[in-house]
Amino acid sequence: MRLQNKVAIVTGSGGGGQGRSLATHLARQGARIVVSDIDTQGGDRTCKQIAAEGGTAIFVPANVTIENDVANLVNETVTAFGGVDILVNSAGPYYPGKSMTRWRSTIGANLMGAVYGTLHVIEPMQKRGGGAIIYYGSTSAIGHGRKHSSDPFYDLAKSGVMRLA
């Protein structure tokens, strides 16, 4: 178990996609997982899946577009597990064809969620001697133009994420 006794927060892990997959993979490696999402039912499903495989997980609901939610997520993690070793910033919607009406939530979750997470885990990670912050980007960050993507705000957000790393 490579990650035995490490504590990992995985944002966006209540959905059925990469966040859940990442959370369960880290749990199989021995990490204690904090599942986080705006989807409470999905978050509970992820925790149950981890528990069914012998892992440890709790669910802390958080909307990563809201800094206070992210601060609370980190605080609850520290309270439950004594610290944070890994933050996986995987929350982030993609709304092809609807970017003009969903631009705030696209940039808020994909970029600002990663910024807020980073800002709030630095101190708890330093108290444990360090940690790892993982950002999920996209190849959409390196292209441009309408023929490249139907969601330029997603592209913009992922470009910002690339600069964080």
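**View 1. Elements around the largest cavity of the predicted model.** Helix 3 (67–81), strand 4 (86–89) and helix 4 (99–127) each supply at least two residues of the lining of the largest cavity. The structure is a predicted model. Searching the whole structure gives 1 cavity of 30 Å³ or more. The volume of the largest cavity is about 50 Å³.

**View 2. Residues lining the largest cavity.** The lining is made up of Thr11, Val64, Val70, Leu73, Val74, Leu87, Asn89, Gly113, Gly117 and Val121. Sorted by class, 6 of the lining residues are nonpolar and 4 are polar, with no charged residues. Among the lining residues are Leu73 and Leu87, as well as Gly113 and Gly117.

**View 3. Order of helices and strands.** The protein contains 5 helices and 5 strands. Read from the N terminus, the elements follow the order β-α-β-α-β-α-β-α-β-α. Of the contacts in the protein with a separation of 6 or more, 67% are between residues 24 or more positions apart.

**View 4. Overall dimensions.** Along the principal axes, the C-alpha atoms fill a box of roughly 45 × 30 × 30 Å.

**View 5. Burial and surface.** Of the 165 residues of the protein, 46% count as buried, that is, they have under 20% relative accessible area. The protein exposes about 8,600 Å², and carbon and sulfur atoms supply 52% of this area.

Definitions and conventions: Residues numbered from 1 in each chain as written. Predicted model: local features only at pLDDT ≥ 70, side-chain atom pairs only at ≥ 80, totals over all residues. Heavy atoms only, no water. 1 Å grid on protein atoms, 1.4 Å probe; cavity = no way out; pocket = protein on both sides within 12 Å on 5 of 7 lines; lining within 4 Å. Points joined across faces, edges and corners; volume = space filled by probe spheres on them. Helix = DSSP H or I, 4+ residues; strand = E, 2+ residues; numbered from the N terminus. Nonpolar A, V, L, I, M, F, W, Y, C, P; charged D, E, K, R; others polar. Buried < 20%, exposed > 50% of the residue type's maximum accessible area, 1.4 Å probe, protein only. Contact = heavy atoms within 4.5 Å. Areas by Shrake-Rupley, 256 points an atom, 1.4 Å probe, with all protein chains shown as cover.
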